[in-house]
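This briefing sets out the fold, the helix packing and a selection of individual residues, grouped by topic.

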Amino acid sequence: MEKEMLSDSLKALGDRTRFSIFDMLRGGRLCACKILERFSMTQPTLSYHMKILADAGLVTVEKDWKWSYYSLNAGAVSALARYFSEIERQGGEEK
């Protein structure tokens, strides 16, 4: 994973609300309405957070008439996992 993309992903997840949304999506695809049920925020505020997660490549969005459905981007999640696995294998030391 290129460093700019990794940095954008980590920055997006650095916000507690976005991290919580990301964590919710581990369970699978969710409608924006289901995410809104969990949080005390307006639909425009949710859209703001989802745009940041999508721009970072962490989530994908499918539009179906008036609803948006969000899923984790498996490729981006795998790239993050590989990055941290490499750090762990190296013992945290830089090459």
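Is Cys31 buried or exposed? Cys31 counts as buried, because its relative accessibility is 7% and the cut-off for burial is under 20%. The model under discussion is a predicted one. The protein contains five helices and three strands, and buried residues account for 32% of its 95 residues.

**Overall architecture**

- Read from the N terminus, the elements of the protein follow the order α-α-β-α-α-β-β-α.
- The C-alpha trace of the protein spans about 50 × 25 × 20 Å along its principal axes.
- Of the contacts in the protein between residues at least 6 apart in sequence, 56% join residues at least 24 apart.

**Cysteines**

- Cys33 is partly exposed, with a relative accessible area of 23%, whereas Cys31 is buried at 7%.
- Zero disulfides are found when the whole structure is searched.

**Packing of α1 against α5**

- Helix α1 (residues 3–13) packs with helix α5 (residues 74–89) at an angle of about 100 degrees, and the two axes are 11 Å apart.
- Helix α1 is therefore roughly perpendicular to α5, since angles from 65 to 115 degrees fall in that class.
- On the α1 side, the contact involves Met5, Leu6, Ser9, Leu10 and Leu13; on the α5 side, it involves Ala76, Leu80, Tyr83 and Phe84.
- By residue class, the contact of α1 with α5 comprises eight nonpolar residues, one polar residue and no charged residue.

**Packing of α2 against α4**

- The axes of α2 and α4 cross at roughly 75 degrees and come within 10 Å.
- Helix α2 contributes Thr17, Arg18 and Ile21 to the contact, while α4 contributes Leu46, Tyr48, His49, Met50, Ile52 and Leu53.
- The residues of the contact of α2 with α4 divide into six nonpolar, two polar and one charged.

**Arg18 in α2**

- Arg18 lies in helix α2, which covers residues 16–24.
- With a relative accessible area of 9%, Arg18 is buried, because the value falls under the 20% cut-off.
- Beyond residues up to four places away in sequence, Arg18 touches Lys11, Ala12, Tyr48, His49, Ile52 and Leu53.
- Arg18 and Met50 are separated by 32 residues in sequence, and their C-alpha atoms are 7.7 Å apart in space.

**Leu53 in α4**

- Leu53 belongs to helix α4, which covers residues 43–55.
- Leu53 counts as buried, at 0% relative accessibility.
- Not counting residues up to four places away in sequence, Leu53 touches Ala12, Leu13, Arg18, Ile21, Leu58 and Val59.
- Leu53 and Asn73 are 20 residues apart along the chain, with 9.9 Å between their C-alpha atoms.

**Ser71 in β3**

- Ser71 is part of strand β3, residues 67–72.
- Ser71 is buried, with a relative accessible area of 16%.
- Leaving aside neighbours within four places in sequence, Ser71 is in contact with Leu25, Arg29, Leu58, Val59 and Thr60.

**Trp65 and its backbone**

- Trp65 is located in the loop between β2 (59–64) and β3.
- The phi of Trp65 is near 60 degrees, a positive value in a residue other than glycine.
- As background, most residues other than glycine have a negative phi.
- Trp65 is exposed, with a relative accessible area of 78%, because exposure applies to values over 50%.

Technical notes:
Residues are numbered from 1 along each chain as its sequence is written. This is a predicted model: local features need pLDDT of at least 70, side-chain atom pairs count only at pLDDT 80 or more; totals for chains, interfaces and linings use all residues. Side-chain values use heavy atoms; hydrogens and water are left out. Helices (H or I, at least four residues) and strands (E, at least two) are DSSP runs, numbered from the N terminus. Buried means under 20% relative accessible area, exposed over 50%, partly exposed in between (1.4 Å probe, protein chains only). Contact means heavy atoms within 4.5 Å. Axes are lines fitted to C-alpha atoms, for helices over the stretch in contact, and angles run from 0 to 180 degrees between N-to-C directions. Angles under 35 degrees count as roughly parallel, over 145 as roughly antiparallel, 65 to 115 as roughly perpendicular and the rest as oblique. Ala, Val, Leu, Ile, Met, Phe, Trp, Tyr, Cys and Pro count as nonpolar, Asp, Glu, Lys and Arg as charged, and the others, Gly among them, as polar. A disulfide is a pair of cysteine sulfur atoms within 2.5 Å.
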